[in-house]
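Work through these exercises with the model open. Try each task before reading its solution.

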Amino acid sequence: MAVKDRDRFSTTTRIRLLGEQTAARVYRSQSKRQARRSRLTGRAALLAMVVCSLVVVLAYPIRQYVAQRGEIADLRRQKQQTQERVERLRDLKARWQDDAYAEQQIRQRLHYVMPGETGYVVIDPDATEQSRTDLGAADRPWYLNIWGGVDESDAAGR
């Protein structure tokens, strides 16, 4: 019996017993996992089906939301541009209220001169060809100039 007790406490016997116990534990845990996997498969499929149906149901409203946010951003940008344009027009209106600015613009755009002043128009020598055609148009009545423009555009279309 002393040999048997010694054999029971030997290192190789203990290692062999440990290996058998470990193998038994692994086998038991694998069989439990397989049992759990088979139970979770139905739940996982149901969960996947619920998630997919939520994605399908929410896809259109989310797409609409994103599109509307884009439209809102465009409208805000247009509003900002319109406000800037209104401010520029208000500034221009305020400038035209000033008599000095109005006089300056009248002199510059319409080539008006004050009584007692002599006005000069300097013609660009490179633009003599253009100025000759303009002088011919200035001699005719305005309605003939318009009709001539219609005839020219009609001839260009052919």
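The exercises below go from the whole chain to single residues.

The model is predicted: local features need pLDDT of at least 70, side-chain atom pairs count only at pLDDT 80 or more, and totals for chains, interfaces and linings use all residues. Residues are numbered from 1 along each chain as its sequence is written, and side-chain values use heavy atoms, with hydrogens and water left out.

**Exercise 1. Describe the secondary structure and the surface of the protein chain.**

Step 1. Assign the elements. Helices (H or I, at least four residues) and strands (E, at least two) are DSSP runs, numbered from the N terminus. The protein chain has five helices and zero strands. Along the sequence the pattern reads α-α-α-α-α.

Step 2. Compute the surface. Accessible areas come from the Shrake-Rupley method with a 1.4 Å probe; for residues, only the protein chains shown count as cover. The protein chain exposes about 15100 Å². Carbon and sulfur atoms hold 58% of that surface.

Step 3. Classify the residues. Buried means under 20% relative accessible area, exposed over 50%, and partly exposed in between (1.4 Å probe, protein chains only). Of the 158 residues in the protein chain, 3% are buried.

**Exercise 2. Locate salt bridges and say which parts of the chain they join.**

Step 1. Side chains of opposite charge can pair when their charged atoms come close. The cut-off is a side-chain nitrogen of Lys or Arg within 4 Å of a carboxyl oxygen of Asp or Glu. The structure holds four salt bridges.

Step 2. Take the pair in α2. Arg77 and Asp74 form a salt bridge at 2.3 Å, N to O. Both residues lie in helix α2, three residues apart, about one turn of the helix. Arg77 is partly exposed at 45% relative accessibility. Asp74 is partly exposed too, at 38%.

Step 3. Move to α3. Glu103 and Arg107 meet in a salt bridge of 3.5 Å, N to O. They are four residues apart in helix α3 (residues 99-110), about one turn of the helix. Glu103 has 38% relative accessibility and is partly exposed. Arg107 has 28% and is also partly exposed.

Step 4. Follow Arg107 onward. Arg107 also forms a salt bridge with Glu117, whose closest N and O atoms are 2.9 Å apart. Arg107 is in helix α3 and Glu117 in the loop between α3 and α4 (128-139), so the pair ties together parts that are 10 residues apart in sequence. Glu117 is partly exposed at 39%.

Step 5. Join the pairs. Glu103, Arg107 and Glu117 are linked in a network of salt bridges.

**Exercise 3. Classify the aromatic pairs.**

Step 1. Set the cut-offs. Rings of Phe, Tyr and Trp (its six-membered ring) pair if their centres lie within 6.5 Å; planes under 30 degrees apart count as stacked, over 60 as edge-to-face and the rest as tilted. The structure holds two aromatic pairs.

Step 2. Check Trp96 and Tyr101. Their ring centres are 5.4 Å apart and their planes stand at 80 degrees, so the pair is edge-to-face. Trp96 is partly exposed at 34%. Tyr101 is buried at 16%.

Step 3. Check Trp142 and Tyr143. This pair is edge-to-face, with 5.8 Å centre to centre and 85 degrees between the planes. Trp142 is exposed at 62%. Tyr143 is partly exposed at 48%.

**Exercise 4. Is Gln105 buried or exposed, and what is His111's phi value?**

Step 1. Gln105 lies in helix α3. Gln105 is buried because its relative accessibility is 8%.

Step 2. Contact means heavy atoms within 4.5 Å. Leaving aside neighbours within four places in sequence, Gln105 contacts Trp96 and Leu110.

Step 3. His111 is in the loop between α3 and α4. Its phi is near 60 degrees, a positive value in a residue other than glycine. His111 is exposed, at 56% relative accessibility.
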